[in-house]
Amino acid sequence: MATLQSQDIVRRSATTFTPPAARHQIKVAKLIDVSKCIGCKACQAACLEWNNLREDVGVNVGQYQNPHDLTANSWTLMRFTEWVNPETDNLEWLIRKDGCMHCEDPGCLKACPSPGAIVQYSNGIVDFVSENCIGCGYCIKGCPFNIPRISKADSKAYKCTLCVDRVSVGQAPACAKSCPTQAIVFGTKEAMLEHAAGRVTDLKSRGYKNAGIYDPPGVGGTHVMYVLHHADKPQIYASLPNNPAISPIVGLWKGTVKYAGMAALGLMAVFGFMHHVVAGPNEVTEEDEENAKKLKDAAE
Amino acid sequence: MTNGWNDIKNTDLVVIMGGNAAEAHPCGFKWVTEAKAHRGAKLVVVDPRFTRSAAVADYYAPIRQGTDIAFLMGVINYCIQNEKVQWDYVKAFTNASYIVKEGFEYSDGLFTGYDESRRDYNRSTWDYEFGADGFAVVDETLQNPRCVWNLLKKHVATYTPEMVERICGTPKDKFVAVAKMIAETSAKDKVMTSMYALGWTQHSKGSQNIRGMAMLQLILGNIGVRGGGMNALRGHSNIQGLTDIGLMSNLIPGYLTLPTEREADINAYMSTRGFRPQRPGQMSFWQNYKKFFVSFQKSMWGAAATKDNDFAYDYLPKLDVPAYDVLRAFDLMHQGKMNGYFCQGFNPLLSFPNKRKLTAALSKLKFLVVFDPLETETARFWENHGEFNDVNPASIQTEVFQLPTTCFAEDEGSLTNSSRWIQWHWPAAEPPGEAKTDIWIMAQLHLKLKAMYRKDGGKFPDPIVNLHWPYRLPNDPQPEEIARELNGYVVENVPDPNDATKLVLERGKQIPTFGVLRDDGSTACGCWIYAGIYTEAGNMMARRGTADPGDTGAYSQWAFSWPANRRILYNRASADINGKPWDESRKLIWWNGTNWGGFDIPDIAPTAKPQDVGPFIMNPEGVSRLFTRGMMRDGPFPVHYEPFESPIANPIAPKVRGNPVARVFRGDMEQFGDSKEFPYAATSYRLTEHFHFWTKHVWVNAVLQPEFFVEISEELAKEKKIASGGWVRVWSKRGSVKAKAVVTKRIRPLVCDGKTVHIVGIPIHWGFTGAAKKGFGANMLTPFVGDANIETPEYKAFLVDVEPIAGAQV
C-alpha cells in the first residue's frame with residue numbers, strides 16, 4: 001500500500017542501502033485471542049470491504065471455511081479445526097484467524113529479489129509495494145506461514161497490510177474494528193503483550209494449563225500475535241507452525257547462491273557476446289514465423 | 001429481555017440454551033465476553049449441536065431438540081432435591097404458598113379437563129382457592145399438600161437425571177454437571193442469566209420452554225436482579241418494536257388485546273380486564289387498563305371517539321378466532337378464503353413452514369402486494385427457477401405488485417432492541433430509484449381508501465373515514481409526528497382538583513409518562529408503554545448520554561427504555577422483603593426507610609412499603625407464578641411433550657403425540673411423518689455469515705457462506721456413505737431438498753430411550769434470488785404446526801431422511 005513514507009522504512013527488499021528511517025515509530029501489534037473468537041467472519045467481511053477486494057462467490061466443500069484458502073483477494077481467513085482433546089475427550093472447535101503475521105524478521109522481504117517490492121516500517125508492519133512486484137513468488141517460499149498469494153489478474157503478490165493506511169492515521173485495522181467480541185485487539189506491541197498476559201492468566205484459571213502467547217522467536221517475534229488455549233501445540237490450530245523460521249534456502253539464496261548466480265549470469269553474458277561474434281546474430285526463419293502465428297491464433 | 005444487553009456483564013453464569021448467541025447475536029455476545037473478563041463468569045451451552053457459542057463455552061452439554069422442558073424440569077427437581085433454592089425469594093416473591101383448588105390434577109401427561117375432540121382443556125380447576133374476602137388462600141408454612149410448592153415438587157419428581165438422559169439424550173454426568181453449576185446461583189450473591197431465542201420459541205410448546213426457565217430463575221432468585229433475568233434475544237433489529245406496537249392480529253399497542261366477538265360492548269370487554277388484586281394491597285398494574293385503552297382509542301379516532309360512543313369501541317374489529325396468525329392466514333388462503341395479501345417487510349415463502357403449501361396458497365390469491373427493499377422470493381413465487389422454484393407461471397393468476405421501500409439506513413425513525421431500548425436513528429443514505437418509506441406508501445393507501453369510502457360509502461366506513469390524521473402533510477406523515485402520537489398528548493385541560501386555578505394537564509402538551517393517562521377521553525396515547533419517548537423535553541429516543549452511575553450498565557440517559565425508562569424489570573426483587581439488596585455488589589434499588597431509590601427507576605410506587613407491596617406489579621397477586629393458573633392453554637406447569645414428528649414416543653406419556661392442545665389444521669396432521677419412514681431428527685437454524693434471507697443479496701456475505709448445506713455427524717455419514725462436501729438429498733413428508741453435506745464432529749448421535757438418534761442440521765439462508773448460489777429453503781421440509789399459545793411454527797424439531805446423490809443442478 002505504501003502509504004507511509006520512505007522515512008518510515010527500516011528494511012527494503014533486494015536493496016543494499018539502508019533507508020534513512022528518520023522517523024522512529026512505536027512498535028505496534030495485533031493480538032488475536034483465539035479463545036475469545038466465535039468465528040463470525042466479521043473480520044473477513046471488514047477486510048474485503050475496507051480494502052475494496054472482490055472475492056468470488058465459491059461453493060461449499062464440506063466446511064465452514066470460505067473461501068477455502070487465502071487468495072490474492074482474501075487477505076484474512078477464519079480457519080476452523082474440530083479437535084478432540086485427548087486429555088478430556090471433549091471436542092474443541094478451534095477457530096483461528098489466519099493472515100500475515102508481520103514478522104519482525106520477515107522471510108518474504110528477505111527472499112524478495114525485486115528492489116523495494118517488500119518493505120518494513122519502523123512500527124513493524126511488513127508491506128508489499130505492488131508497483132515494484134515482479135510476481136516471482138519468492139515471497140511465498142520465504143514465508144514460514146504460507147501467506148502471500150499471487151493474483152491471476154495482475155501477477156503480483158498480495159497479503160494483509162495490517163491496514164497500514166488506517167494505522168498511519170491512528171486507526172486500528174479494519175478487522176480489529178469490526179470484531180464483536182474484541183478477540184482482535186490492536187495497540188503497541190508492549191500493551192498487547194500485557195493484555196495477552198492477562199488473558200493467559202484467565203485461561204489458566206479456567207483449566208487451560210498450557211495457555212500462552214504465540215510470538216515466535218524464530219522470526220524475531222511477530223506484530224500479529226495469538227493467545228492460544230494450548231500454546232504448547234500450535235499445530236492443532238490449522239497447522240500453525242510450532243517453531244517458525246525462515247527457510248534456510250532463503251539464507252542460501254541471498255548468500256552463496258546469489259553470488260554464484262551473479263557469476264553465472266556474468267559468464268552467460270560473456271558467452272552470448274562471444275557466440276554473437278563467432279556465429280553471428282540469430283535469424284528468424286519463415287518456419288518460426290508460421291509457428292508463432294499458429295500459437296497466436298490458438299491463443300485468441 | 002427483563003434485563004438488557006449491557007447488564008449481561010454483571011452475571012456469574014451465562015446459560016445459552018434455546019439459542020446460539022455467538023452465532024445469531026454476535027454483537028450482543030460481546031457482553032458475555034465482558035462478564036467472563038470482569039466477573040470471571042462461566043458460560044454453559046446446552047444445544048443439539050456444538051455451536052459457535054459452544055466453541056467459547058466453559059461447559060457444553062448436548063440435548064435432543066424439542067426436549068428442553070424435560071431438561072429444565074430436571075434442573076428444578078435437582079435444585080429442590082439438593083436444597084438449592086433461594087428460600088427468602090421463593091417465599092416472599094412467588095406463589096409457592098398459594099393453595100390450588102381441589103380437583104386440579106395431573107396424570108399421564110395431561111392435566112384435569114382435557115377434551116381430545118376439541119384438542120383443548122376446560123381450565124376451570126387450574127386456579128387458586130379463594131377465601132370469602134375474595135383473596136387467594138395461602139399457606140406460608142408450605143405444609144399444605146395443595147400449595148403450589150408441593151404440587152410443583154410432585155410435578156418435577158418425574159424428571160430425575162436418569163429420565164433426563166432417557167428423554168434428552170444428555171449423558172447423566174453432563175446433565176448433573178450443568179444442574180450443579182446452575183444450582184450454585186441459588187446463593188444470594190450468585191446470579192445466572194438466561195439467553196434464549198428461537199431455539200425455544202420455535203416448538204409446538206415454545207411458550208412452556210421459556211416458562212420452564214423462568215420458573216427455574218425464580219426458584220434461584222435470579223429475576224429482577226442485575227446479571228439475572230430471562231433474556232429473549234430478538235431476531236430483527238426492531239422485532240421488539242413489532243410486538244410492542246401490537247402488530248399481531250390479536251393485539252393492540254402496548255400488549256392490550258383486541259376484543260373478541262363475544263365482547264359486544266366496552267363493559268363486556270372490560271369485565272375480563274379489571275384485574276382486581278388477588279392479595280391485599282397489591283398494585284395489580286393492569287387495573288389501569290381502561291386508561292390505556294381509552295387513550296389509545298382517542299389517539300386512533302380523535303374527536304370521533306367520545307364518551308357517548310364508548311370511545312369508538314365499535315370501530316375495533318372483533319375476533320371470531322383466537323388469532324389470525326400467519327399459519328391461519330396461509331391456511332385460509334390455501335382454502336381459497338383469502339383473496340388479497342399485503343406482505344410488508346416479510347418473506348413468508350421462505351420464512352413460513354411447508355413451502356409447497358405456501359406456494360399453492362399464494363397461487364389462489366387475486367392479488368399480492370409486496371413492500372420490500374429487496375427482490376424477495378415471495379414477490380417472485382410465480383416465477384420458475386428450475387428445481388428451486390418449480391412452478392408453472394402460466395397457471396398462476398395472482399396479480400403481484402412490488403413496491404420498493406427504503407432500507408433502515410435510508411430513513412428516519414426508531415428501532416426497539418431486545419433490551420427494550422427505543423433508539424432514534426437518522427438516514428445515512430438516499431434511497432435508490434423509486435423506493436419510498438413504508439409510512440409514505442401506507443399514507444397513500446389510506447388517503448385513497450378514505451376518499452373512496454367518503455364518496456361511495458359502504459357498510460361501515462366510520463373507522464376509516466374518521467381515522468385521526470393530524471399530520472402537517474397528510475400524504476407524507478413524518479416519523480417524529482408518529483413518535484409524538486405514540487408518546488401521547490393531552491386532549492382536554494384537566495384542572496387540579498385541589499386548586500381550580502391550576503391545571504394538572506394542559507391541552508396540547510405531550511404527556512410525561514403513562515402515569516397521567518386518564519379513562520375519560522382527556523388524554524390520547526398511541527402506545528402506553530411508549531409514553532415518555534417524546535415528551536415536552538423533546539425526543540428522548542435521540543438521547544446519547546453515557547453516564548452510568550454505579551457502573552451498572554444501565555446507561556439511563558441513553559435513548560429511552562420502556563416502560564418509564566426502566567432498565568431492569570421487576571427490579572424491586574433485587575432487594576429482600578425489607579428492601580435491602582440481596583447482594584451489595586449488585587445493588588440496584590433499595591428502601592431507605594421512607595422511599596425507594598437507587599440506580600434504576602423503581603418498578604413499584606416509590607413510597608410503597610417493601611413488606612406490603614410485591615415486586616411483580618403486573619400480576620394481581622403481586623408475586624410471580626410458579627403455577628400459572630389458566631393462563632396458558634397447555635398447562636399451569638410445563639410438561640415434556642415430544643415434537644409432532646419425533647424419533648421416539650414420549651417416555652412419560654406414550655399415548656400423547658406432540659403438544660395435546662396445539663392447533664393442527666385439517667390436512668396437516670396427515671402431512672406429519674413418523675420415525676419409521678423418516679428416521680432422522682432434523683432442526684433448522686441460522687449462521688453468523690447471514691441475516692435471514694437478506695444478506696444472500698450481499699456479495700460479501702455470499703462469499704463468506706456461498707452455498708446451501710446440511711450438517712450431519714461422522715457416524716451418520718459413514719452409515720449412509722456420505723462424503724463431506726458431497727451432494728445429499730434430504731426429504732420429509734412435505735418436500736425434498738438437495739444440499740452439500742458438511743460432515744462434522746460437532747454433531748453426535750444421541751441415545752434416547754435406548755434408541756440411537758441421528759441429528760440433521762439445516763441452515764435456512766438460501767433461496768432463488770440474490771448473490772449467493774441458488775439453494776432450497778429449509779421450509780421445504782418443516783411442518784405446518786405452531787406453539788399452542790402463540791402459534792410460532794415448529795421449525796426446530798421434525799423428521800427427515802437423507803441419502804447421498806451424484807450431483808445437482810447448480
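Where is V219(A) found in chain A? V219(A) sits in the loop between strand 10 (212-214) and strand 11 (224-228) of chain A, where helices (H or I, at least four residues) and strands (E, at least two) are DSSP runs numbered from the N terminus.

## Basis of the model

This is a predicted model, in which local features need pLDDT of at least 70 and side-chain atom pairs count only at pLDDT 80 or more, whereas totals for chains, interfaces and linings use all residues. Residues are numbered from 1 along each chain as its sequence is written, and chains are lettered from A and ligands numbered from 1 in the order in which they are written.

## Surroundings of V219(A)

V219(A) is buried, with 22 other C-beta atoms within 10 Å; a residue is termed buried if 20 or more other C-beta atoms lie within 10 Å of its own, exposed if 12 or fewer, and partly exposed in between, with C-beta atoms placed from the backbone. Leaving aside neighbours within four places in sequence, V219(A) is in contact with C103(A), E104(A), D105(A), G107(A), P144(A), P244(A), A245(A) and I246(A), contact being defined as C-beta atoms, placed from the backbone, that lie within 7 Å. V219(A) and D288(A), by contrast, are 69 residues apart in sequence and 50 Å apart in space, C-alpha to C-alpha.

## Chain A as a whole

Chain A holds 9 helices and 11 strands, and its C-alpha atoms fill a box of roughly 80 × 50 × 40 Å along the principal axes. Of its 300 residues, 40% are buried, and among the contacts in chain A with a separation of 6 or more, 62% are between residues 24 or more positions apart. The domain assignment, whose bounds come from an automatic or database source, gives domain 1 (6-251) and domain 2 (255-299) in chain A, and the centres of these two domains, taken over C-alpha atoms, are separated by 41 Å.

Helix 1 (residues 42-50) of chain A has 7 of its 9 residues buried, so it is largely enclosed by the rest of the structure. The buried residues are A42(A), C43(A), Q44(A), A45(A), A46(A), C47(A) and L48(A), and they pack against strand 3 (76-84), strand 4 (91-99), helix 5 (174-178) and strand 9 (184-188) of chain A, together with helix 20 of chain B.

Just after helix 1 of chain A, N52(A) takes a positive phi of about 55°. In the loop between helix 1 and strand 3 of chain A lies P67(A), which is joined to N66(A) by a cis peptide bond with omega of about -10°. Most residues other than glycine have a negative phi, and most peptide bonds are trans.

## Where the two chains meet

In the interface, 33 residues of chain B are in contact with 30 residues of chain A. Helix 2 (30-39), helix 3 (52-55), helix 20 (699-704) and strand 29 (736-744) of chain B each supply at least two residues of the side that touches chain A, and strand 29 of chain B gives the most, with 5 residues. By class, this side of chain B has 18 nonpolar, 6 polar and 9 charged residues, where Ala, Val, Leu, Ile, Met, Phe, Trp, Tyr, Cys and Pro count as nonpolar, Asp, Glu, Lys and Arg as charged, and the others, Gly among them, as polar.

Chain B is divided into domain 1 (6-235), domain 2 (240-318 + 473-538) and domain 3 (669-805), and 45 Å separate the centres of domain 2 and domain 3 of chain B, taken over C-alpha atoms.

Helix 14 (residues 326-334) and helix 16 (residues 355-363) of chain B pack at an angle of about 60°, with their axes 7 Å apart; axes are lines fitted to C-alpha atoms, for helices over the stretch in contact, and angles run from 0 to 180 degrees between N-to-C directions. That angle makes helix 14 of chain B oblique to helix 16 of chain B, since angles under 35 degrees count as roughly parallel, over 145 as roughly antiparallel, 65 to 115 as roughly perpendicular and the rest as oblique. The contact is made by F330(B), M333(B) and H334(B) of helix 14 and by K357(B), L358(B), A360(B), A361(B) and L362(B) of helix 16 of chain B, and by class it has 6 nonpolar, 1 polar and 1 charged residues.

## Backbone features in the loops of chain B

In the loop between strand 23 (560-561) and strand 24 (589-591) of chain B lies P563(B), and the peptide bond from W562(B) to P563(B) is cis, with omega near -10°. A564(B), placed in the loop between strand 23 and strand 24 of chain B, has a positive phi of about 60° although it is not a glycine, and with 16 C-beta neighbours inside 10 Å it counts as partly exposed.

Terms used: Contact = placed C-beta atoms within 7 Å.
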